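Reader: I am new to this structure. Please take me through one part closely, then show me how other parts are built.

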Amino acid sequence: MTALLSILVLVFILVAIWQMIKIFDLTQGSIPEGTSQIANDKDNRINGYLMLGFLAFIYIITIICFVKFGDLPLLSNAASEHGPGVDRLMIISMIVIFFVQTVTQFLLHYFAYKYKGEKGRKALFYADNNKLEAIWTIIPVIVLAGLIIQGLFTWTNIMNVNKDNDPMVIELYAQQFNWKARYSGADNTLGKANVRLIDIDRANILGLDEADPNAQDDIITTELHLPVGKPVLFKMRSQDVLHSAYMPHFRAQMNCVPGMITQFGFTPTITTVEMRETPEMVDKVSNINKIRLEKSKSLVAKGEEGLERYDFDYLLLCNKICGKSHYNMQMKIVVETQEEYDAWLKTQKAFANSLN
Amino acid sequence: MSAHVEAHAHDDHGHHHKETFVTKYIFSQDHKMIAKQYLITGTIMGVIGVMMSLMMRMQIAWPEEPNVIFRALLGKWAPEGVMDADIYLALVTIHGTIMVFFVLTAGLSGTFSNLLIPLQIGARDMASGFLNMISYWLFFISSVIMVSSFFVEAGPAAAGWTIYPPLSALPMAQGGSGMGMTLWLVSMAIFIASSLLGSLNYVVTVINLRTKGMSMTRLPLTIWAFFITAVIGIISFPVLLSAALLLIMDRSFGTSFFLSDIFIQGEVLHYQGGSPVLYEHLFWFLGHPEVYIVLLPALGITSEIIATNSRKPIFGYRAMVASILAIAFLSTIVWGHHMFISGMNPFLGSVFTFTTLLIAIPSAVKAFNYITTLWKGNLQMNPAMLFSIGLVSTFITGGLTGIILGDSALDINVHDTYFVVAHFHLVMGISALYGMFAGIYHWFPKMFGRMLNKNLGYVHFWVTAVCAYGVFFPMHFIGMAGLPRRYYTNSNFPLFDDLANVNVVITVFALIGGAFQIVFLYNFFSSIFYGKKATQNPWRSNTLEWTTPVKHVHGNWPGEIPHVHRWAYDYSKPGHDEDFVSQIIPLKEGEEELQH
């Protein structure tokens with residue numbers, strides 16, 4: 001109903017505009033045929049001022065976005081060791097962008113206002129200036145060189161897995177539409193696996209090689225628990241289509257590709273509990289709960305169930321279109337102390353014992 | 001080195017043979033009519049594509065609510081008026097495909113390359129009018145097939161416009177990967193054939209049919225842009241065709257080019273040894289140049305319109321040509337930046353970061369040159385000029401965030417989020433659309449002999465400009481908050497609940513902006529019949545198309561083709577009374593042609 005009403009309102013607005021323009025056209029009867037639809041000095045003036053107004057609009061929307069949504073992003077509170085490096089690079093890039101955007105939009109719209117056409121004035125015949133062009137070729141080259149170098153260092157640092165610090169190997173396994181994690185157990189070696197070995201009847205859901213000794217102590221879980229401060233190396237598999245393991249709080253993402261194993265490593269630095277207590281997160285969560293409370297009220301009024309209170313958890317999201325329920329393919333990540341992690345792991349079943 | 005092709009024989013022929021309704025309006029071989037056919041087909045596809053995006057926006061803003069529009073337009077895909085998750089992905093897919101290929105490739109290049117190449121270089125018609133006609137009709141057929149895929153049982157293709165296998169290859173993975181995907185692939189194969197025929201024609205025409213005096217360095221920047229666009233198309237579209245053919249083989253003939261080790265719906269499939277990453281390489285080898293196939297013609301159009309309406313020569317003609325060439329070259333070696341996290345070797349990521357960020361240099365040169373062209377001009381604020389300035393504005397805003405996305409380390413966290421959606425919609429979607437609108441407002445008199453209403457044009461521009469920023473600027477921020485794109489609803493993630501309000505604001509802007517395109521459509525279709533009559537050269541422009549009569553003649557010029565004596569940008573040149581000097585006017589005694 002609201003949609004229908006809004007459409008009606010829009011139609012009326014359009015009709016009103018059309019009528020006003022018709023009237024405007026009728027009042028301009030004296031203009032010679034052929035030039036009436038070409039901008040005259042009045043049009044130039046009005047649109048020139050509107051250009052200034054539009055410049056203000058761009059600045060205002062920029063400011064509003066930064067003030068209102070600037071704290072939404074994950075620009076702060078990266079929960080992995082490499083995260084702050086990424087965020088620093090992001091902030092540097094944002095400053096460059098912000099500066100260039102402000103200056104160039106100013107020049108563009110200000111010139112459009114300043115040099116709006118007037119009858120009888122002649123434009124300056126100015127076709128070339130090699131010096132100027134050299135300047136705005138070289139300045140971007142220098143700025144970009146800086147960004148490229150910084151970017152490449154950051155990227156290499158993230159992607160090159162350092163085998164010396166003995167990362168804990170965990171498999172992330174994707175299927176339509178859920179995630180599984182496989183821990184390698186005491187031997188820190190994942191057992192061999194292939195989707196051809198999947199045996200649903202025996203509950204061998206990830207296709208582990210039952211004869212492989214390394215596979216016996218593997219542990220398959222539906223939640224991802226990580227001990228804080230310990231390097232993790234994720235080996236990723238998919239059994240059906242492309243998925244992408246996106247862990248935004250850790251600044252981590254890698255596609256899961258059927259037929260090959262991809263990898264991504266990081267070290268979590270903030271436990272879930274610590275993260276919940278950071279001032280930014282407290283604000284964010286209380287804000288979200290306020291919104292949820294409002295929504296709950298209207299749901300309850302309609303006779304439906306209200307929403308649960310939200311508490312922060314790290315998440316693994318699927319971020320590559322993978323089919324109908326792509327929008328709900330997630331897994332909870334818990335970062336905890338080594339002791340908590342060990343206690344949790346003990347409650348999970350080893351692969352050898354989980355088979356039917 | 002200009003070619004001396006004078007099509008006298010053709011010219012005589014043109015006056016004699018009789019035109020029927022069918023040869024004039026349907027199977028026409030005249031480039032001007034074909035341009036109009038492209039434009040109108042592209043406009044219709046544009047309306048369909050935009051309506052899809054509005055439905056998606058309504059779904060994102062009000063996910064659980066029944067909607068009369070969904071019920072009316074989606075039928076069985078929206079039981080009780082609530083959109084189905086499958087059809088959401090189908091809308092995502094077909095919206096992308098239609099806008100990128102059918103509107104901004106065929107609709108933009110097809111219209112303006114066809115209209116302007118012969119007119120601005122001084123040729124009677126395209127090198128092959130027949131191929132040109134075939135090109136249009138193949139485009140028409142592929143459009144019909146693409147739209148008709150909405151009427152098959154299991155729905156249209158729904159794997160995203162990139163149709164990555166295995167999702168697109170396996171009918172059991174998704175409803176849309178059955179008949180819908182087959183139609184998508186067939187439609188695209190025909191589309192590519194159409195596009196290649198068009199591009200070959202454009203290249204041959206520009207190289208061979210320029211009038212006497214029209215050297216390459218005297219070409220208007222529009223023609224340079226169309227020419228290079230056609231070259232990129234010829235280089236990259238065949239690669240997409242090969243990817244589509246291999247995918248068809250995988251789907252229908254049991255090969256394993258892109259598939260390996262798949263277990264789906266309780267069974268192991270026989271595929272062995274292929275790789276989806278190979279498909280990604282093949283796709284993006286077209287996919288990235290495609291961005292420039294869309295954007296370069298818009299930039300070419302803008303160059304011409306900004307110069308004409310500033311009453312000034314375009315600043316740095318040589319640099320503009322050089323930057324088009326540089327962009328074209330770089331565009332073919334940056335495709336990997338779409339694949340930083342695809343699982344390819346991280347070293348390749350470093351290489352593609354390097355080449356990608358280099359593209360910022362020619363882009364910056366272009367932006368600064370546009371701004372300098374405005375400086376000390378005498379700006380005529382016609383609607384075409386407004387859209388051109390708008391293009392420069394969105395090109396800068398959208399292009400700058402490319403610095404973030406092109407940087408592999410930063411891409412990790414914003415890849416496939418709304419940040420990407422905001423970036424590419426501004427830099428190629430909105431910019432190219434503005435270029436197309438600018439072109440329509442500017443060359444409407446040439447196409448239809450009548451003027452578009454300027455006041456409707458002003459309303460159209462200002463509302464569109466405000467709404468475009470209103471939609472895509474806040475979108476960057478929800479992307480940086482980690483919201484993935486292509487989610488049917490975000491309500492399963494309380495983490496994103498605080499973004500719901502922003503999404504409503506974005507949708508409201510989108511609906512207003514979308515609705516105001518009706519102003520344009522009304523202006524366009526009513527002005528074809530009832531617009532004010534145009535004069536021969538309404539914008540007082542230098543280029544050759546304005547030396548042809550208002551009423552179209554077959555062969556473009558009733559007499560001999562005029563010869564060209566100067567470049568296209570002698571606006572406000574000292575020593576001339578008028579503030580424009582047509583390309584056909586010989587240099588005065590002692591007058592120097594600029595060293596350009």
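Which residues is B:P445 in contact with, leaving aside its neighbours within four places in sequence?

Author: Keep in mind that this is a predicted model. Leaving aside sequence neighbours within four places, B:P445 is in contact with B:R450, B:M451, B:A534 and B:P538. B:P445 itself sits in helix α16 of chain B, which covers residues 418-448. B:P445 is buried because 26 other C-beta atoms lie within 10 Å, and 20 or more make a residue buried. B:L196 is another matter. B:L196 and B:P445 are 249 residues apart along the chain, and their C-alpha atoms are separated by 29 Å.

Now take B:V471. Its place is helix α17 of chain B, residues 454-480. B:V471 counts as buried because it has 26 C-beta neighbours inside 10 Å. Not counting residues up to four places away in sequence, B:V471 touches B:I506, B:F509, B:A510 and B:G513. B:T20 lies 451 residues from B:V471 along the chain, with 47 Å between the two C-alpha atoms.

Next, a helix of chain A. Helix α3 of chain A spans residues 83-114, 32 residues in total. From first C-alpha to last, α3(A) reaches 45 Å, close to the 46 Å expected at 1.5 Å a residue. Several residues of α3(A) are buried, among them A:V86, A:L89, A:M90, A:L108 and A:F111. An α-helix has 3.6 residues a turn, so residues three or four places apart point the same way. What do the buried residues of α3(A) pack against? In chain A, they pack against α2 (41-69) and α4 (130-159). In chain B, their partners are α12 (360-374), α13 (383-400), α14 (402-405) and α15 (408-414).

Last, a sheet in chain A. It is an open sheet of 5 strands, in the order β4-β10-β9-β6-β7, with mixed pairing. Its edge strands are β4 (224-227) and β7 (252-256) of chain A, and each pairs on one side only. Neighbouring strands of this sheet are turned by 20° against each other on average, direction ignored. Look at one edge. β4(A) pairs with β10(A), residues 330-336, in the parallel sense over 4 bridges. There, A:L226 stands opposite A:V335 of β10(A). Helix α8 of chain A, residues 338-346, lies across β4 and β10 of chain A. Helix α8(A) runs at about 140° to β4(A).

Technical notes:
Residues are numbered from 1 along each chain as its sequence is written. Chains are lettered from A and ligands numbered from 1 in the order in which they are written. This is a predicted model: local features need pLDDT of at least 70, side-chain atom pairs count only at pLDDT 80 or more; totals for chains, interfaces and linings use all residues. Helices (H or I, at least four residues) and strands (E, at least two) are DSSP runs, numbered from the N terminus. A residue is buried if 20 or more other C-beta atoms lie within 10 Å of its own, exposed if 12 or fewer, and partly exposed in between; C-beta atoms are placed from the backbone. Two residues are in contact if their C-beta atoms, placed from the backbone, lie within 7 Å. The expected span of a helix is 1.5 Å times one less than its number of residues. Two strands pair if DSSP finds at least two bridges between them. Axes are lines fitted to C-alpha atoms, for helices over the stretch in contact, and angles run from 0 to 180 degrees between N-to-C directions.
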